[in-house]
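Let's take a walk through this structure together, going from the way its chains are arranged down to the elements inside them.

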Amino acid sequence: MKHFISVNDAGDITQLVLEALMVKKYPFADKELGKNKTLGLIFLNPSLRTRLSTQCAAQNLGMDVIVMNLDKEGWSIETKEGAVMDGSSAEHIKEASAVIGQYCDIIGVRSFPKLLNREEDYSDDVLNKFIQYAGVPVISLESATLHPFQSLADLITINEVWNNRKPETVIRKPKVVLTWAPHPKILPQAVPNSFSEWMLKADVDFVITHPEGYELNEKFTKEAKIIYNQDEALKNADFVYAKNWSSYKEYGKIISQDKNWMITSKKMSFTNNAKFMHCLPVRRNVVVADEVLDGSASIVLQQAKNRIYSAQVVLKKILERYDPH
Amino acid sequence: MKHFISVNDAGDITQLVLEALMVKKYPFADKELGKNKTLGLIFLNPSLRTRLSTQCAAQNLGMDVIVMNLDKEGWSIETKEGAVMDGSSAEHIKEASAVIGQYCDIIGVRSFPKLLNREEDYSDDVLNKFIQYAGVPVISLESATLHPFQSLADLITINEVWNNRKPETVIRKPKVVLTWAPHPKILPQAVPNSFSEWMLKADVDFVITHPEGYELNEKFTKEAKIIYNQDEALKNADFVYAKNWSSYKEYGKIISQDKNWMITSKKMSFTNNAKFMHCLPVRRNVVVADEVLDGSASIVLQQAKNRIYSAQVVLKKILERYDPH
Amino acid sequence: MKHFISVNDAGDITQLVLEALMVKKYPFADKELGKNKTLGLIFLNPSLRTRLSTQCAAQNLGMDVIVMNLDKEGWSIETKEGAVMDGSSAEHIKEASAVIGQYCDIIGVRSFPKLLNREEDYSDDVLNKFIQYAGVPVISLESATLHPFQSLADLITINEVWNNRKPETVIRKPKVVLTWAPHPKILPQAVPNSFSEWMLKADVDFVITHPEGYELNEKFTKEAKIIYNQDEALKNADFVYAKNWSSYKEYGKIISQDKNWMITSKKMSFTNNAKFMHCLPVRRNVVVADEVLDGSASIVLQQAKNRIYSAQVVLKKILERYDPH
């Protein structure tokens, strides 16, 4: 593994999940692997889970970690090729990324979309410039379009839960439903895009449900089954993954705030006793009712915990296969 | 020791001070104790001494430290039970604290009062929610009502000074005077509340002096002697602890800015050659005159230094007695 | 070495560069030297290279590092002697620096000039107060007037390049030209001041070129040759160091934004196939044209990399010669 940007960098994801579970079992087994290696975490947007879990993961591997809020502790970064930099930006991303690459063995980058221009956002310019110029492995801490550490943690969690369930008479795949949910703000599509591309590679039956107009980029949803009726979609679900996103078609628009899409006990009653999943942070009683989030069906904390092992297994594989300097 | 929130969590404080002095003498003796343990320091308010001294303490114990300015690097946190989160808060404290508890073995939290609503502030909601939901030991980095690491450091300092003084003919307790002092801003009562509850358990004669109307919450001052005449109170003092606070009775109000309450050489001349104490940061020539702060009576830097050992002895005891995961 | 503030603290700079190159070759050879030692990095201004490279350097030496953005994470600091602190500043630099000195074995400080009052800026008040009150070694992370880690890294880089060039028939010193370049903002003189004082002690032919009115403080440029015609100055240069600065004479003024001073391929063609240097961040197509910065003559990343070893050799020497507590 060199970079970790999407499911395409993950190799055999079944194998990767198994390795992650080993990492979870013995988190300090590779404490020597990251010795004298530095992970730089570059944030252009706020973060809680990603910031903390990736630090934990790196420290478990014995790495030094340097955290930098480039937007707050540094200065404004220019990204346009050939720009005459006589405005507010003090440094070009070419230099910023190449310089950070001089100091770090692996770089993590968080860069959200602006949700104004679809083409610009979907070019994932900041992340790709880091890959192009940093000269060291780059891992995505959520880009404009994808959030691979989250999706890997989600898959680890589904695996744990599904393998620990009571034995059934029939061997079958779990049914996983990604459902859109209402939200007061304009949110990126990164989490649902990413979850979709991971689920399509995983050994699950995958269904997406959302109001019409919320279709995601087909590059990520491909052959996924889309059902516009949420109640219908939830039937017999084993896992319900709720998430809001803004429209991809009418880019960056909120085209529904329909409260009927909130996940409630009633909605969960349509499922096969499903587990409730969310990447967090979550708006209580908007995306999901307290009764569900505080109930035994919720596995959101297990997902959050698995963010450590999702990051750690990836860092481990990069450290093992790649001698960056 | 599980949590460290108030003097009530400290056990035998004489014993704790003795242990802290041993930690100060051999700061790296327990470098293995914190191995593979992570301390998360969560700041909702600015900090200098607490931030640095607690990091030092944890690193002396071999712990990994993750610092997070939740207010600046994260997002706004909802604390109300049952809230419909369609406003500006992106995450509920239930999830925030529980998630941080997935990544950290011990969590430190700083959360100041808003000084608008007494009942709300004195419920110490943020801190208590962390205790309720984090699932790991929580230590207070100054809450709305108390600042236990400061008070423990103060007690360590008083102990050091008192035990190192020239032998006197009569064995006696030191007289410790907590005096209100003027200040241009509205300040919390956490430091004086906390100092009071620690002094009342310590082997000292404790006196509080302040203008009328500045009475603290009796929960913390209990049987402490209150003298409204500062000059009278300072007589024969061995330690003068100056601090401003806003009114508890007329909650959050400044009811005096009387400059006569500033600690000057003249005021110190009423004492028994007392040492001057302050938790810092201090407003020079408002709370205390330069002549006192820069003079040999000032032990404020010794107090600051002891913040390391106050935090370290507590972390040590938590690590020793509690296996958090 | 106790403090590291200017070239005068560096001792024999030829020897220091040789030691830095050894540190670069074996960066982890002194991993035990910094054990149980803490480096505090105090930023009153933004930073990228300095923040990351100094952390790397310290971690290579086994030190613990604490980073504090005093301006953002702390509060406003008073610097005036005898101030009555009833305004916006919550802490005096006397206490702030002395307290940080209780927690750190070495302190790095970044404090830019305000560029309003020359005398005030050139007193380098913040840095000098830290030296006066911290009680531990202080290293400059760029002060109001000098940037010694940058200059040492620059000298290391010149050394590497000059010693690795193809053998010439005549043994000679390299010609190093510091050239002013246009910029939209009012910038400090710290980098050119510092580069000048280091070059004047180094074994090079040193020339400064700038529009009239941009003469630097003679304290730092001394006997340096100043040529007002840039084309003339660049003739036969082996190294071209571009940098903008605001006027020292008409203090803090921009007296030229003449685009003809930008470094282009044409300008470089006047030189002896010179290498292009800049401390970064750099304004592309304002200070230097893309064609130069992206071409093979540019050694700006090598300079950035050498910031690690510039900091590391200095920290090493301080740790070796000085037992701070």
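Predicted model: local features only at pLDDT ≥ 70, side-chain atom pairs only at ≥ 80, totals over all residues.

Two copies of a chain can in general be related by a rotation about an axis and a shift along it.

Now try chain B against chain A. A rotation of 120° superposes the two, again with 0.0 Å of shift along the axis and an RMSD of 0.0 Å. That is the relation of a three-fold axis. Which residue of chain B has the C-alpha nearest the axis here? The C-alpha of Lys72(B) does, at 5.3 Å from the axis.

Next, look at where the chains touch. Between chains B and C, 24 residues of chain B are in contact with 24 residues of chain C. On the chain B side, the elements that give two or more residues are α2 (49-60) and α13 (300-321). Helix α2(B) gives the most, with seven residues. Sorted by class, this side of chain B has 13 nonpolar, five polar and six charged residues.

The contact between chains B and A takes 24 residues from chain B and 25 residues from chain A. Here β1, β2, β4 (91-92) and α4 (93-103) of chain B each supply at least two residues of the side that touches chain A. The largest share comes from α4(B), which provides seven residues. The residues on this side of chain B divide into 12 nonpolar, seven polar and five charged.

Helix α2 (residues 49-60) of chain A lies across β1 (38-43) and β2 of chain B, and runs at about 165° to β2(B).

That brings us to the sheet in chain B. Four of its strands form an open sheet in the order β2-β1-β5-β6, and the pairing is parallel. Strands β2 (64-69) and β6 (138-140) of chain B stand at the edges with a single partner strand each, so one side of each is left without a neighbour in the sheet. On average, neighbouring strands of this sheet are turned by 20° against each other, direction ignored.

Strand β5 (residues 106-110) of chain B runs parallel to β6(B), and three bridges join them. Gly108(B) stands opposite Ile139(B), which lies in β6(B). Helix α6 (residues 125-133) of chain B packs on the sheet and touches both β5 and β6 of chain B, its direction making about 170° with that of β5(B).

Finally, move to chain A and pick out helix α7 (residues 148-163). This helix has 16 residues and reaches 22 Å from its first C-alpha to its last, close to the 22 Å expected at 1.5 Å a residue. Is α7(A) enclosed or open to the outside? Of its 16 residues, 12 are buried, so α7(A) is largely enclosed by the rest of the structure. The buried residues include Pro148(A), Phe149(A), Leu152(A), Asp154(A), Ile158(A) and Asn159(A).

Definitions and conventions
Residues numbered from 1 in each chain as written. Chains lettered and ligands numbered in written order. Contact = placed C-beta atoms within 7 Å. Nonpolar A, V, L, I, M, F, W, Y, C, P; charged D, E, K, R; others polar. Expected span 1.5 Å × (residues − 1). Buried ≥ 20, exposed ≤ 12 C-beta atoms within 10 Å, placed from the backbone. Pairing = 2+ DSSP bridges. Axes fitted to C-alpha atoms, helices over the stretch in contact; angles between N-to-C directions. Least-squares fit on C-alpha atoms with pLDDT ≥ 70 in both.
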